[in-house]
Amino acid sequence: MLNSERNRVLTIIIAVILIIIPLLIKSNYYIRLINLCGIYLLLTVGLNIITGYTGNPNMAQTAFWGIGAYASGLLSIKLGLPFWLSLPLSGLVAAMIGVLVGIPTLKLKVFHFAIGTIAFGQIIQLFFKNLEITGGPAGLKSIPTPKIGNYVFDSDFSYYYIILFVIFILISLAYRLEHSKYGRALKAIKESELALQMLGINVSYIKVLAFGVSTFYAGIAGSLYAHLFTYISPDTFSFFEAVKVLTMLYIGQAGSISGAIIGSIVLTILPEALRFSKVYYMAIYGIGIVIIFAYLPNGLIGLTRHPKIRKYIKNLGLR
């Protein structure tokens, strides 16, 4: 009971801090970085649903990010739909394409699935670069910012609350999924797919469903990105970004929502924190990632298993 009370108090404190962040940070640059961090957070949490739980490395998460961004931009520009409609629709567009891609590719072995998603990502980027409707290599410009009535979310400070609201909804859904029978089945797939099949569970259906949910998160992140920057280009959704998001997941801890959150925050903020080292910052950044992979095989969340840290967490009533 006491731990429950402490958790409730801690949750309230975190919520208050998140709400007042724009009041504490006056720099537009830092609030833009926090907004970008929130978008990567959604990408990584979404990736965790298919890669973290089932062990299938989706190397096309940023391709679906791009699909969501272009879908939202085009729905707003060409059809004049408001952001509040284009946001969920972009997630649904990405999810539908994700299901269509997942049906054949998720029947492949893990390695071949990764290769298949890499190929899909490259094909999607070629579409972005060559289709006239997407603006070609020049990208899509003049994407409208969200508004409610006469109030326009045209600053990073006001847009922060949109991202925060979406994160709250999707993280809540991710936790509900994790603790549902589908979430338990997803985790079991990683341990023994054959055992589940012998129990009569339709593994293919569950994996495709997970892939669809994962790409829905990517599509939502794409919509948020498009309306935040009001401009998107094919180069944003590159293979390098796919590797970056995958690294975020494994740095935090694959298969853990908390790990996905921490990994995305660390790898978004760390490069900026290392800017002081000028030309050496990328080398320091890379070495840091290698060290984490080498000494923390369970990711940053694995630190909580250290006896002293576990004792400290227990004293706080967090576990």
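The model is predicted, so local features need pLDDT of at least 70 and side-chain atom pairs count only at pLDDT 80 or more, while totals for chains, interfaces and linings use all residues. Residues are numbered from 1 along each chain as its sequence is written, and side-chain values use heavy atoms, with hydrogens and water left out. The protein contains 13 helices and 2 strands (DSSP runs numbered from the N terminus, with helices being H or I of at least four residues and strands E of at least two).

**Overall dimensions**

- The radius of gyration, taken over C-alpha atoms, is 20 Å, close to the 20 Å that the globule rule (2.2 Å times the number of residues to the power 0.38) gives for 319 residues, so the protein is as compact as a globular protein of that length.
- Along the principal axes, the C-alpha atoms fill a box of roughly 55 × 50 × 45 Å.

**Packing of helix 2 and helix 7**

- Helix 2 (residues 28-54) packs against helix 7 (residues 181-191) at an angle of about 45 degrees, and their axes are 7 Å apart (axes are lines fitted to C-alpha atoms over the stretch in contact, and angles run from 0 to 180 degrees between N-to-C directions).
- The two helices are therefore oblique to each other (angles under 35 degrees count as roughly parallel, over 145 as roughly antiparallel, 65 to 115 as roughly perpendicular and the rest as oblique).
- Ile49, Gly52, Tyr53 and Thr54 of helix 2 and Leu186, Lys187, Ile189 and Lys190 of helix 7 make the contact (heavy atoms within 4.5 Å).
- By class, these contact residues are 4 nonpolar, 2 polar and 2 charged (Ala, Val, Leu, Ile, Met, Phe, Trp, Tyr, Cys and Pro count as nonpolar, Asp, Glu, Lys and Arg as charged, and the others, Gly among them, as polar).

**Cavity**

- There is 1 cavity of 30 Å³ or more (on a 1 Å grid over the protein atoms alone, a set of points where a 1.4 Å probe fits but cannot get out).
- The largest cavity has a volume of about 50 Å³ (the space filled by probe spheres set on the points, which are joined across faces, edges and corners).
- Its lining (residues with an atom within 4 Å of a point) includes Met59, Ile118, Gln122, Phe237 and Phe239.
- Helix 5 gives the largest share of this lining, 3 residues.
- The lining of the largest cavity comprises 7 nonpolar, 4 polar and no charged residues.

**Second largest pocket**

- The second largest pocket holds about 460 Å³ of space (a pocket is an open set with protein on both sides within 12 Å along at least five of seven lines).
- Of its 23 lining residues, Tyr40, Phe240, Glu241, Lys244 and Pro271 are the closest to its centre.
- The lining of the second largest pocket has 15 nonpolar, 3 polar and 5 charged residues.
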